[in-house]
Amino acid sequence: MYEITQIKAGSNCYLVTQKEAAILVDTGLKGFEKKILSECEGKQIKLLVLTHGHIDHVQNAVFLAKQLQVPIAMHEKDVPLLKDNLCREMKANGVRGKLVRFFSVWSAKMTQLDSFVPDILLKEGDKLNEYGVDAEVIELPGHTAGSIGLKVGDDSLLVGDALMNMFRPEKTLLYEEYEKMIESARKIEELGDRKIYFGHGKMASNRRWVKENA
Ligand SMILES: [Zn+2]
Ligand SMILES: [Zn+2]
């Protein structure tokens, strides 16, 4: 059996713990690194997974990987974001989406990111058993080209920002590519009954995320 612990750090990080091993998923914003480290205390962290390359998920990656002495893993297609978080335009729909976009662009402009190169590149179907947890990578492009999720066991799914629960559980409010984002939301629907752990907001059950006519 495994356990998923949510750590609120500006965005959500998660500890997926199985027996004595654990992986850390995402790293939150600067200022939260000590909180995250203390949550990791006493656990044997084997890997740091980044769901995508946005600042609010990768900002503490270098610091935490060094402190925990673990490799950093992510999808190849988001590596360019580590050099420049604004290198690909984000689009948004509706008032809430535009509001969220305004604040993310602003924070990306205000923030200095220590650029880094991931140690491991993840792709669809990669299993993380060698790091001690029963998790499998699922590609969920759209929010960013290299967005990934993690299927944990047979009843949980970490989605990063492929879906959001900032205001209510819904499809992501920000995206590089609308069609891919919709495709990824449908891919999540097809996984059926699972607990969804978002990059923003609290856990909710899987459901229909896309209206029929979307
Ligand atoms: Zn994001
Ligand atoms: Zn985010």
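An open sheet of 6 strands runs in the order S1-S2-S3-S4-S5-S7, and its pairing is mixed. Its edge strands, each pairing on one side only, are strand S1 (2-9) and strand S7 (120-121). The model described here is predicted, so that local features need pLDDT of at least 70 and side-chain atom pairs count only at pLDDT 80 or more, while totals for chains, interfaces and linings use all residues. Residues are numbered from 1 along each chain as its sequence is written, and chains are lettered from A and ligands numbered from 1 in the order in which they are written.

Helices (H or I, at least four residues) and strands (E, at least two) are DSSP runs numbered from the N terminus, and two strands pair if DSSP finds at least two bridges between them.

| Helix | Lies across | Angle |
|---|---|---|
| H1 (residues 33-40) | S1, S2, S3 and S4 (44-49) | about 165° to S1 |
| H3 (residues 61-68) | S3, S4 and S5 (72-74) | about 155° to S4 |

Another open sheet, also with mixed pairing, is formed by 5 strands in the order S8-S9-S10-S14-S15. Strand S8 (135-139) and strand S15 (204-205) are its edge strands, each pairing on one side only. Strand S14 (residues 195-198) pairs with S15 in the antiparallel sense over 2 bridges, and Lys 195 has Ser 205 in S15 as its bridge partner.

Methods
Contact = placed C-beta atoms within 7 Å. Axes fitted to C-alpha atoms, helices over the stretch in contact; angles between N-to-C directions.
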